[in-house]
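Subject: Structure for your files

Hello,

Here is the structure I said I would pass on.

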Amino acid sequence: MRETLEKIRESALEQIQSVGASLEQIRIRYLGKKGELTAVLRGMGALSAEERPKIGELANQVRADIEEAIAAKQRQKEALALEKRLKEEKLDVTMPGTPVAAGHLHPLTQVQRQLEDIFIGMGFSIEEGPEVELDYYNFQALNIPKNHPARDTQDTFYITDSILLRSQTSPVQVRAMEHRKPPIRIISPGRVYRSDALDATHSPLFHQLEGLVVDRGITMGDLKGTLEIFAKKMFGENTRIRFRPHHFPFTEPSAEVDVSCYVCGGKGCRICKGEGWIEILGAGMVHPFVLSNCGIDPEVYSGFAFGMGIERVAMKAYSIDDIRLFYENDERFLEQF
Ligand code: PHE
């Protein structure tokens, strides 16, 4: 029996050291419930009382040796595996990282926020209005009755006879005056729609920013002063503005407002097409009819309003010559802002 035990130890230790040995299989083969060592131990009952403790001690020693050899081999295997991994996987912590492309706001949004900041800085607050609008707010209340020729100049998307996609942000003037009491000082940026074919300067969807101030004693001088500050902040300190007489049904008097060309300063260049001036917005004193349509007494209050195309401002500010670039989401364009 002693011999058998010695043999078991010898062959187990040998197997444990052999290449590619499955340690678990070896453990089961020798130490498992039906293992070889277990079988020997079962036979111990037949030994004499004198032999039994000696063989028992040896058997325990053999078991301990095999267990220890398995554990040692296991540690060795793990160490080798780790070493192999460390060799194969190289991590150079000094290598530059893979840059993650950071997105940014669309140029139109950037310009809109810039405009908003300028007017907020002058005490205006932002007012929003619906894009699906009533004919009443888009036209009627703005002193543009049915069959008025001004309706032809703005080709409007009608949804029903009385509901349309707003063709300008001016309806927000009316909504603001209906639910606020003067003093009113708001801007209203947003989308507007006109049934124009898409080309380099026209889009059926574009953006405007409306401004409205109503209070006692508001004059054309306030309008001029406000727009002058706006123009300097937007286009540079040396910018001048120019009012040209114009007609809008909802303002009287009305004007188209130009800013001096920020490229040539007024001498005339490619950007301003030799004019020295760039048309930037429409404006005027709120028509008394519009005030009274909104329940504001034109004998007591007066106001001014202006409206500009945000695309137009952005195109001028960045020398962009095609409005379609804003909507195509070509990254080569967007990345430049
Ligand atoms: N709503 C006008 C347009 O779309 C612009 C405008 C706004 C003019 C306010 C005067 C006052 O052309």
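This is a predicted model: local features need pLDDT of at least 70, side-chain atom pairs count only at pLDDT 80 or more; totals for chains, interfaces and linings use all residues.

Seven strands make up an open sheet with mixed pairing, and their order is 1-4-5-9-8-7-6. Strand 1 (125-126) and strand 6 (241-248) are the edge strands, each pairing on one side only. Strand 6 runs antiparallel to strand 7 (residues 251-260), and seven bridges join the two. F248 sits opposite T251 of strand 7. Helix 9 (residues 220-235) packs on the sheet and touches strand 6, strand 7, strand 8 (277-286) and strand 9 (302-309). The direction of helix 9 makes about 125° with that of strand 6.

The histidine. H207 belongs to strand 5 (residues 205-215). Its relative accessibility is 15%, so H207 counts as buried, the cut-off being under 20%. The side chains of H207 and E311 make a polar contact at 2.8 Å. Beyond its neighbours within four places in sequence, H207 is in contact with several residues, including L108, G190, R191 and M308.

The volume of the largest pocket is about 1400 Å³. It is lined by 45 residues, of which R194, F206, E279, G309 and R312 are the closest to its centre. Strand 5, strand 6, strand 7, strand 8 and strand 9 each supply at least two lining residues, as do helix 7 (150-153) and helix 11 (310-318).

Regards

Conventions
Residues are numbered from 1 along each chain as its sequence is written. Side-chain values use heavy atoms; hydrogens and water are left out. Two strands pair if DSSP finds at least two bridges between them. Helices (H or I, at least four residues) and strands (E, at least two) are DSSP runs, numbered from the N terminus. Contact means heavy atoms within 4.5 Å. Axes are lines fitted to C-alpha atoms, for helices over the stretch in contact, and angles run from 0 to 180 degrees between N-to-C directions. Buried means under 20% relative accessible area, exposed over 50%, partly exposed in between (1.4 Å probe, protein chains only). A polar contact is a pair of N or O atoms within 3.5 Å; within protein, one must be able to donate a hydrogen and the other to accept it, and residues adjacent in sequence count only if both atoms are side-chain atoms. On a 1 Å grid over the protein atoms alone, a cavity is a set of points where a 1.4 Å probe fits but cannot get out, and a pocket is an open set with protein on both sides within 12 Å along at least five of seven lines; lining residues have an atom within 4 Å of a point. Grid points are joined across faces, edges and corners, and a volume is the space filled by probe spheres set on the points.
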